[in-house]
Amino acid sequence: MTDWEPENELFWKSIGRKVANRNLWIAVPALLVAFVVWQVWSVTATNLKDVGFGFSTSQLFWLTAIPGLTGGTARILYTFLGPMIGQRRFTALSTVVLVVPLIWLGIAIQDPSTPYGVMVAIAALCGIGGANFASSLANIGFFFPKAKKGSATGINGGLGNLGVSVVQLLTPIVITWSTIAIGSAQHKADGTPVHLQNAAFVWVPVVLVLAAVAWFGQNDLKVASTPFSRQKVIFRRKHNWLMTWLYVGTFGSFIGFAAALPMLIKTTFPDYSVATYAWMGPAVGALARWAGGWIADKWGGARVTILSFVGMAAAIIGVIGFLPSGGDGGSFLGFFLCFLAAFFFSGIGNGSTFRQIPVIFRGTHLKGLTEGTPEYAAALKQAEMESGAVTGFTSAIAAYGFFFIPALFGSIAVTSAMWGFVGFYLSCIVVTWWCYARKGAEAPS
């Protein structure tokens, strides 16, 4: 589409809203399934020992962490490729390639003698599912006017994030279904048959259908088409780096906790079922993201972001207090409820930080300009381009939380890692207040 003016009320009501909503609701399920592929190891790893794989607990934590490393790195590339190629084409192509790690995982997981190195390679390939987030969020923002960007990115990101819960909820169910199994069954120590390959194979037809829907149903916006030579200007923008720091605190925590929680429950409170509880936290965080974008549109992003970090810090302090320590077995109920609170506030912050980005860059570029002038129009276009690029880049760096949090839990004491998170959240509160929330802040948002 060559003409796109979402800020023009007449255009928005007559054409824009319908096109934007169609593109959004095609992007959501495609992003959700991409998250499924990205997070499939978070729950698959908890079943490997049960069917004869001889991997250590540390190795299993690393298998859950590796997709975060490759996902974060691929997100950097996807951030800039999306606007260059176009929403429609890139969504379709980046979705269809997900069949490769799914098929490989489904084959490899049926044989307990599969080398650990092969599993690492598969986990790394699954990480490309997480990269889709960067391109999806960066592109969807172009379709909506300023007043609706927070809600739109909240819906896209929040419902997309639900893929984490979907895979953690459905995997324990589908691996028991012999009727859909392709290949041989594995057996637990008590003789119970399971079909771990279902966790991968069941998503292959879904991926193919969603790729086709994106190809035939979405649009490429000429206004969003930007070469890397123009996008790279964001690396000179201070607010790109500050908002990256904040988004690492919100989304980095969400995705890292989601990846680590199943193994954390299994190793810290082994009497409790991973299948019963692990999916709830990511679901709370994903839905809260939707709400966070909407609330930030009403109350202001910076205020809501501060609230989210205060809540996350308090919740993690609560988690620490309920962990087993010494001869004390801890409290699973307290531990789990505090983790749910951490997920909730991380979701709120995910929505509010993404609402802040376009507000910050519009304010910076349009300051002192008169609406309706050529200078204003050019500055607005530049602000939109930079906002999209910054949205994608911040999501790329924050995705490394998927890697570092499970890796930390697999390398150092859980309590020490948790206190490190609390300290980081306090630094985020200071940055948000000083730069964006206080009276006289440089870029109120």
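Let's start with helix α5 (residues 116-126), whose buried residues are Met119, Ile122, Ala123 and Cys126. Here buried means under 20% relative accessible area, with exposed over 50% and partly exposed in between, using a 1.4 Å probe and protein chains only. These four residues lie on the same side of α5 because they cover an arc of only 100° around the axis, the arc being that of the directions from the helix axis to the C-beta atoms. Helices are DSSP runs (H or I, at least four residues), numbered from the N terminus.

A word on the model: it is predicted, so local features need pLDDT of at least 70 and side-chain atom pairs count only at pLDDT 80 or more, while totals for chains, interfaces and linings use all residues. Residues are numbered from 1 along each chain as its sequence is written, and side-chain values use heavy atoms, leaving out hydrogens and water.

Next, look at how helices α1 and α2 meet. Helix α1 (residues 9-48) and helix α2 (residues 57-85) pack at an angle of about 170°, and their axes are 8 Å apart. The axes are lines fitted to C-alpha atoms over the stretch in contact, and angles run from 0 to 180 degrees between N-to-C directions. The pair is therefore roughly antiparallel, a label given to angles over 145 degrees. On the α1 side, the contact (heavy atoms within 4.5 Å) includes Phe35, Trp38 and Trp41, and on the α2 side Leu60, Pro67 and Arg75 are among the residues involved.

Trp41 also brings us to the largest nonpolar core. Of its 127 residues, Trp41, Phe335, Phe409 and Met418 touch the most other members. Such a core is a set of buried Ala, Val, Leu, Ile, Met, Phe, Trp, Tyr and Cys residues joined through side-chain atoms within 4.5 Å. Helix α1 gives the most to this core, with 20 residues. A second, separate core of five residues includes Ala288, Ile295, Ala296 and Val304. Back at Phe409, the contacts beyond four places in sequence include Phe61, Ala260, Leu264 and Phe421.

Two more residues are worth a visit. Ser253 sits in helix α11 (residues 238-268) and is buried at 4% relative accessibility. Not counting residues up to four places away in sequence, Ser253 touches Val248, Met312, Ile405 and Tyr425. Gly351, in helix α15 (residues 332-366), is buried too, with a relative accessible area of 1%. Gly334 lies 17 residues from Gly351 in sequence and 26 Å away in space, C-alpha to C-alpha.

Definitions and conventions:
Helix = DSSP H or I, 4+ residues; strand = E, 2+ residues; numbered from the N terminus. Parallel < 35°, antiparallel > 145°, perpendicular 65-115°, else oblique.
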